[in-house]
Amino acid sequence: MRKNFGSKSWFYPLPVLIIGTYNEDGTADAMNAAWGGLYDSDKVVLCLSAGHKTTANIKAQGAFTVSFADAAHVASADYVGLVSANKEPQKMEKSGFHTVKSAYVNAPLIEELPVALECKFLKVNEDGNVIGQIVNVSAEENVLGADGNIDFKKFQPIAFEPVHSAYHVLGEKVGSAFSDGASLG
């Protein structure tokens, strides 16, 4: 028997996205955003309120990065979601994150987070969501497998679980996409 909970924002799994931007003075900023994803095959959508420093930075700089938080950096990833750069100018230093400039867009890459999308700002859509064009995907070599691509077990991305406000590691393979279902037809 099912239990009904009514209308809730319980969507599984929610990625833990760390959005990197540059402030007007050229310093790096980052925020944690669980509400975002692919908008098209080469675009991302971020549900960010207009009051975030990150939203203003994206519009001003025309670019941003989307790094995927991993199990090794839970506290830092959570911190950049708890604290606003509008109120804490030392946010990045306190987070323990370090940045380097992307070679593809005017936005910082977070050195501790091994996988990132480097994006050009396209627009804010009619719902107020930020839309960006993915111009590059970068990954540190230590999360690559023998085939030269990202190895999910080495990467260890985390997901946000909204019911209990918890972070969980993703990683166990349970099937093969675009293949396992063929046995049913």
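This is a predicted model: local features need pLDDT of at least 70, side-chain atom pairs count only at pLDDT 80 or more; totals for chains, interfaces and linings use all residues.
Which residues form a nonpolar patch on the surface?

1. Residues are numbered from 1 along each chain as its sequence is written, and side-chain values use heavy atoms, with hydrogens and water left out.

2. The surface patch: F5, W10, Y12 and V163 make up the nonpolar patch, and together they have about 380 Å² of accessible area. Areas come from the Shrake-Rupley method with a 1.4 Å probe, and for residues only the protein chains shown count as cover.

3. F5: look for F5 in the segment before β1 (14-15). Strands (E, at least two residues) and helices (H or I, at least four) are DSSP runs, numbered from the N terminus. F5 counts as partly exposed because its relative accessibility is 44%; buried means under 20%, exposed over 50%, and partly exposed in between.

4. P162: this residue sits in the loop between β11 (158-161) and β12 (166-169). P162 counts as buried because its relative accessibility is 14%. Leaving aside neighbours within four places in sequence, P162 is in contact (heavy atoms within 4.5 Å) with S9, W10, F11, Y12 and L14.

5. The open sheet: 3 strands are arranged in the order β1-β11-β12, with antiparallel pairing. Its edge strands, β1 and β12, each pair on one side only. Two strands pair if DSSP finds at least two bridges between them; β11 and β12 have 4. E161 has A166 in β12 as its bridge partner.

6. Strand β2: 6 of the 6 residues in β2 (residues 17-22) are buried. Both faces are covered, with L17, I19 and T21 on one side and I18, G20 and Y22 on the other.

7. Partners of β2: β2 runs antiparallel to β3 (residues 28-33), joined by 6 bridges, and Y22 has A28 as its bridge partner there. Their hairpin has 5 residues between the strands, and G26 takes a positive phi near 90°. β2 also pairs in the antiparallel sense with β6 (residues 63-68) over 4 bridges, where I19 stands opposite V66.

Key: Patches are made of residues with over 30% relative accessible area and no salt bridge: like charges are joined within 9 Å, nonpolar side chains (Val, Leu, Ile, Met, Phe, Trp, Tyr) within 5 Å. A salt bridge is a side-chain nitrogen of Lys or Arg within 4 Å of a carboxyl oxygen of Asp or Glu. Buried means under 20% relative accessible area, exposed over 50%, partly exposed in between (1.4 Å probe, protein chains only).
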